[in-house]
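Subject: Structure handover

Hello,

Here is the structure I promised to pass on. Please open it first, then read the notes below it.

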Amino acid sequence: MYCNKENVNILTALLVKHGICHAVVCPGSRNAAIVHNLNECPEIQCYPVTDERSAGFYALGMTQALKQPVAVCVTSGTALLNLAPAVAEAYYQHRPVVVISADRPQQWIDQLDGQTLPQSDALGRFVKKAVTLVEPHDDEERWYCNRLINEALMERQAPVHINVPISEPLFRFTTPSLPDERKIDFTPAEASNITLTHVCRMFLQAKRPMLIAGQPMNPLLEEAVLMVKDDEAYVPDFVLYTGGSIVSKHVKRFLRRAKETWAVNPTGEVNDTFMNLTHVVQGDPEVVADLIRFNLEEVSHPFVQKWETLLAQVRQQKAAEVLPYSQAATVKYFEEQCSMAHAKAGSQPIVHYANSMAIRLANIYSSSQVYCNRGVNGIEGSLSTAAGFSCVTDDSVFCVIGDLSFFYDQNALWNQNLSGNFRILLLNNGKGVIFDHLPGLDQSPARDRLVAAQHQTSAEGICRQNHVAYRQACTMEDMKKGIDWLVGAESQCPMLLEVCL
């Protein structure tokens, strides 16, 4: 049986028709009718997460894995506001997180009634579409409800918000089946073959072309840029940019010396990252990048080969370097072991890096695609995003994370959804160590305790209370044994290696 709230039943039916099969649900009474319906639907799998901020990032991680929209459902009041960080990150990653919030009836907003605040536009510009449903009483209002939901669910390149007012009584579940709702389909425009051919021709005809992507990343590019310094022979005259955030400031400064940039992205947005943008092409960046690579395999380009030779030299140097016990040595050894293990299995590792020092180390030592929340670059939600990803795949999912990011987001481990395919490498420096690298900050007595949040916290107790297998390493030998365990061991529960530095 489904609930007796008509707007909720229309919403549920359209979620199914639009192919939404996964929903992260948070506790509450006002949204109980929605959660009940999602749970009743055989087509929808529910994942309970109590912390709404964590839940939003769980949904984000699931969209990364599935490349499909994922719903996250919260109750009324401040519960919705807790989703804002994840929604902002999803907006800049172009991920289709569907926010569903229960609400009080309009007449009770701003009347000092419990858990009420103006919810309709609470997420502002970080959602592509925000609709507030009516509680329908006639066919026209049912049509209106249907239309609003369709308009929201047709968006596939950004988060949306569906706000659902629900009047009391809240807990009547007497409807035997969902209504057969009208679905509105949308066919997006795609770059034509003529456009793709033109972009490819412009790239190949340039004297010094460079294909650049942001997230996932460009391994070793920062080291290569630092090596060439002011050598104009390496500066491109034509940059084809397929979007995503560039981690390295040095790389961004270098690419601003290029003559022009053409950008390819799914939405046609103007992102003038390198301050020399001349063309924007709306299309699938992966299709364009694959076409360029295919043509380069057929006919090599001397400038591209020049850069490939340089990157190969940097890669050899990094592989040969002997590091003392450090977070750099830890990430280097982890990447080597992870790549070897997956090469034997014939697969690519799935690795999420948290922000700050972790992703900067990935830029040096990773040789394959990684995930990182570089939309707005916050430390919050990195663990939850990786955890959410792990819930919808059978493959091992690794999260390399610093101590501040981990402890901030420890509620990612407090739920029923995780299993042995989720593995965490915690780099515990006892503070935000990136602040040691900021010139001038060492002159402030506030740096360590107040800015870098110095602490003496361990993850052992957190792991014990959340049934996470735990190991600690404080030496190079223990670190290597621990990473071998993290990468290779079989486990029924999540695993965490805490490397104390």
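At what angle do helix α3 and helix α5 pack, and how far apart are their axes? The angle is about 25°, and the axes are 8 Å apart. Before going further, please note that this is a predicted model.

**Helix pairs**

Let me stay with α3 and α5. α3 covers residues 52-66 and α5 covers residues 84-93. Angles under 35 degrees count as roughly parallel, so α3 and α5 are roughly parallel to each other. Their crossing is right-handed. On the α3 side, the contact uses G56, F57, L60 and Q64. Facing them in α5 are P85, A86, E89, A90 and Q93. By class, this contact of α3 with α5 has five nonpolar residues, three polar and one charged.

Next, α1 (residues 6-17) and α6 (residues 139-153). These two helices pack at about 40°, with axes 10 Å apart. That angle makes α1 oblique to α6. The crossing is right-handed. From α1, the residues in contact are E6, N7, I10, L11, L14 and L15. They meet R142, C145, N146, I149, N150 and L153 of α6. Sorted by class, the contact of α1 with α6 has seven nonpolar, three polar and two charged residues.

α7 brings L196, V199, C200, F203 and L204 to the contact. α10 brings V287, V288, L291, I292, N295 and L296. Which classes make up the contact of α7 with α10? There are 10 nonpolar residues, one polar and no charged ones.

**A pocket**

Now look at the second largest pocket. It holds about 520 Å³ of space. Its lining has 18 residues. Nearest the centre lie E222, M357, R360, I434 and H437. Which helices each supply at least two residues of this lining? They are α8 (221-228), α9 (249-255) and α13 (357-365). The largest share, five residues, comes from α13. By class, the lining divides into eight nonpolar, five polar and five charged residues.

**Loops**

- R95 is in the loop between α5 and β4 (97-103). R95 and Q68 are 27 residues apart in sequence, yet their C-alpha atoms are 8.3 Å apart in space. Leaving aside residues up to four places away in sequence, R95 touches L60, T63, Q64, A90, Q157, A158 and P159. Among them, L60 and Q64 of α3 and A90 of α5 also take part in the contact of those two helices.
- P169 sits in the loop between β6 (160-165) and α7. The peptide bond from E168 to P169 is cis, with omega near 0°.
- K229 lies in the loop between α8 and β8 (238-241). K229 is not a glycine, but has a positive phi of about 55°.

Move on to the contact of α3 with α5. Then turn to the second largest pocket and the part of its lining that comes from α13.

Best wishes

Key. Residues numbered from 1 in each chain as written. Predicted model: local features only at pLDDT ≥ 70, side-chain atom pairs only at ≥ 80, totals over all residues. Heavy atoms only, no water. Contact = heavy atoms within 4.5 Å. Helix = DSSP H or I, 4+ residues; strand = E, 2+ residues; numbered from the N terminus. Nonpolar A, V, L, I, M, F, W, Y, C, P; charged D, E, K, R; others polar. 1 Å grid on protein atoms, 1.4 Å probe; cavity = no way out; pocket = protein on both sides within 12 Å on 5 of 7 lines; lining within 4 Å. Points joined across faces, edges and corners; volume = space filled by probe spheres on them. Axes fitted to C-alpha atoms, helices over the stretch in contact; angles between N-to-C directions. Parallel < 35°, antiparallel > 145°, perpendicular 65-115°, else oblique. Left-handed = near helix turned anticlockwise from the far one by under 90°.
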